[in-house]
Structures are given as C-alpha cells and as structure tokens.
Amino acid sequence: MAEPAPVTLSEIVHRAVVVTDPDGSEGLDDLLERFEDDDEPLGSTTAEIAEQRIAEAIGALDPQEEDPAVQVAGAVATYLAYRRDELGGEPHELMALATRAEFDGRPPEPIMRWLADRGVDV
C-alpha cells in the first residue's frame, strides 16, 4: 500500500474542525489556533506525537470533558493522524469511525446525543 501524500498537523486539525463543525457554530476556533503554525509534514513515526499533542490541546480546552464538539474534533484529528488516507472522507463516517476508535465503541452519553443530533450513527 502506498504511503498517503504528506499532510501537516495543521491540515489534520483543520479538517477535523470542518468535519465536526461545518457551520462554525461550535466555537472550535481555539483548537484551530493551537495548531495553525504546525506545518511540518507528518510521517508514520509522528502519528503518536500528533496524538499526544492533540490530547494535550483537547485537555486544555475542555478539561472536564464536557464539550462534545471539542471531544469529537479531537477524536477526528487523532483518527486522521493515523489514517491520513481518509482526510477527504465523508464527515458523518469520519465522526463515527473516530469516536468508535477513541472511546472503544462506547462514547459517553453526551457525545452520543451530540452525534445523534447530527445524524451520526455510532
């Protein structure tokens, strides 16, 4: 299998925010700002580092894990760090796959409701 085209952490986080919040109503601007200058291409060995940086940013923005939009955006960004070949994937599918992976198939109830309100079946 061919290696996906190089992509940056900034591009991954931007895509995760667009997937999670296409209308810009969820207030994920702070997440975008944290990664706007991360323009070094990710390689297969840096997915773990990207995951750690994303987790730290999500933890700082939503320390009580009460904001489903932030949690889902973090899950999608983490998923895309490992699955860069799915960067152009369908938004509902990306959210479903990412939250299943992030929460071992059992997202917390507030996230399940948030996803259901957007027509995403987990």
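Me: Which residues does Val76 touch, not counting residues up to four places away in sequence?
Reply: Bearing in mind that this is a predicted model, Val76 touches Ala16, Val19 and Thr20, and also Leu94, Met95 and Ala98, once residues up to four places away in sequence are left out.

Me: And which residues touch the most other members in the largest nonpolar core?
Reply: That core has 34 residues, and Leu31, Val76 and Met95 are the ones that touch the most other members. Nonpolar side chains in soluble globular proteins tend to be buried together.

Me: OK, helix 4 and helix 5 then: at what angle do their axes cross?
Reply: The axes of helix 4, residues 68-82, and helix 5, residues 91-102, cross at roughly 90° and come within 8 Å, and the two helices are therefore roughly perpendicular to each other.

Me: Which residues meet there?
Reply: From helix 4 there are Val72, Ala75, Val76, Thr78, Tyr79 and Leu80, and they meet Leu94, Met95, Leu97, Ala98, Thr99, Ala101 and Glu102 of helix 5. Sorted by class, this contact of helix 4 with helix 5 has 10 nonpolar, 2 polar and 1 charged residues.

Me: How far apart are Gly59 and Gly88 in space?
Reply: They are 26 Å apart, C-alpha to C-alpha, with a separation of 29 residues in sequence.

Me: Now the whole chain: how many helices and strands does the protein have?
Reply: There are 6 helices and 0 strands, and the pattern read along the sequence is α-α-α-α-α-α.

Me: What about its radius of gyration?
Reply: The protein has 13 Å, which agrees with the value near 14 Å that a compact globule of 122 residues would have, while the C-alpha trace spans about 35 × 30 × 25 Å along its principal axes.

Me: Last one, what share of the residues is buried?
Reply: Buried residues make up 42% of the 122 in the protein. As for contacts between residues at least 6 apart in sequence, 64% join residues at least 24 apart.

Technical notes. Residues numbered from 1 in each chain as written. Predicted model: local features only at pLDDT ≥ 70, side-chain atom pairs only at ≥ 80, totals over all residues. Heavy atoms only, no water. Axes fitted to C-alpha atoms, helices over the stretch in contact; angles between N-to-C directions. Helix = DSSP H or I, 4+ residues; strand = E, 2+ residues; numbered from the N terminus. Parallel < 35°, antiparallel > 145°, perpendicular 65-115°, else oblique. Contact = heavy atoms within 4.5 Å. Nonpolar A, V, L, I, M, F, W, Y, C, P; charged D, E, K, R; others polar. Core = buried A, V, L, I, M, F, W, Y, C linked by side-chain atoms within 4.5 Å. Buried < 20%, exposed > 50% of the residue type's maximum accessible area, 1.4 Å probe, protein only. Rg over C-alpha atoms; globule rule 2.2 N^0.38 Å.
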